[in-house]
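Subject: Structure for you to look at

Hello,

Here is the structure I promised to send over. Please open it next to this note, which goes through the findings one by one.

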Amino acid sequence: MERAVIRKVFRTISHPGDSRRLAKEVVDYLAGHVADDDVLHDLDIILTEACANVCRHAYGGEPGPLEVRLGISPGQWIELEIVDWGRGFGPGVRFENPGPDAEGGRGMYIMRMLASDCQVHRRDGENVVFIHKDIGAARWKT
């Protein structure tokens with residue numbers, strides 16, 4: 001019998017301290033479901049990077065709304081949507097390593113490497129970074 005998907009939404013403003021607390025709150029919540037510290041560490045890096053991107057880029061350096069929508073299918077996967085209503089990425093988001101001489105641009109690459117799937121899209125005025133991470137059954141709390 002398949003368990004129901006758990007859904008939860010976390011909200012804050014896109015200020016560096018607040019966004020870091022939000023990422024930590026989501027990971028702390030996930031720790032109640034996921035037993036594997038390596039998985040939790042990967043999710044922490046993903047969330048920290050995605051939330052930091054919102055702080056740096058979405059609202060021109062000003063605070064604005066930031067939301068993390070969480071979906072958990074216990075024993076199977078976790079999905080995250082990191083959402084803002086700012087200016088967005090524009091066309092051509094790249095998930096490639098920019099190379100050793102680049103001063104930035106590694107965040108999306110790192111998120112993609114730590115996730116099973118990573119997408120960026122605009123939907124109904126929202127900018128969404130979508131993360132899907134498959135997690136083996138043995139890595140969950142029972």
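V39 touches V34, K133, I135 and R139, leaving out residues up to four places away in sequence. Contact here means heavy atoms within 4.5 Å. V39 lies in helix α2. V39 counts as buried, at 2% relative accessibility. The cut-offs are these: buried is under 20% relative accessible area, exposed is over 50%, and partly exposed is in between, with a 1.4 Å probe and protein chains only. V39 and I135 are 96 residues apart in sequence, yet their C-alpha atoms are 7.9 Å apart in space.

A word on the source. This is a predicted model, in which local features need pLDDT of at least 70 and side-chain atom pairs count only at pLDDT 80 or more, while totals for chains, interfaces and linings use all residues. Residues are numbered from 1 along each chain as its sequence is written, and side-chain values use heavy atoms, with hydrogens and water left out.

The overall layout

The chain has 3 helices and 5 strands. Starting at the N terminus, the order is β-α-α-β-β-α-β-β. Helices (H or I, at least four residues) and strands (E, at least two) are DSSP runs, numbered from the N terminus. Of the 142 residues, 44% count as buried. Take the contacts between residues at least 6 apart in sequence: 64% of them join residues at least 24 apart.

The helix pair

How do α1 and α2 run relative to each other, parallel or antiparallel? They are roughly antiparallel. The axes of α1 (residues 16-30) and α2 (residues 37-58) come within 9 Å and cross at roughly 155°. Axes are lines fitted to C-alpha atoms, for helices over the stretch in contact, and angles run from 0 to 180 degrees between N-to-C directions. Angles under 35 degrees count as roughly parallel, over 145 as roughly antiparallel, 65 to 115 as roughly perpendicular, and the rest as oblique.

On the α1 side, the residues that meet α2 include P16, L22, V26 and L30. Their partners in α2 include L40, L43, L47 and C51. By class, this contact has 11 nonpolar, 2 polar and 2 charged residues. Ala, Val, Leu, Ile, Met, Phe, Trp, Tyr, Cys and Pro count as nonpolar, Asp, Glu, Lys and Arg as charged, and the others, Gly among them, as polar.

The core

The largest nonpolar core has 33 residues. Such a core is a set of buried Ala, Val, Leu, Ile, Met, Phe, Trp, Tyr and Cys residues joined through side-chain atoms within 4.5 Å. L30, L47, V68, I78, L80, I82 and I131 touch the most other members. Two or more residues each come from α1, α2, β2 (65-73), β3 (77-84), α3 (107-114) and β5 (126-134). α2 gives the most, with 9 residues. L30 touches L40, L43, L70, I72 and I78, again leaving out residues up to four places away in sequence.

Two more residues

P65 lies in strand β2. At 42% relative accessibility, P65 is partly exposed. P65 touches T12, Y59, V83, D84 and W85, not counting residues up to four places away in sequence.

D124 is in the loop between β4 (117-123) and β5. D124 is exposed, with a relative accessible area of 77%. The phi of D124 is near 50°, a positive value in a residue other than glycine. Most residues other than glycine have a negative phi.

Best wishes
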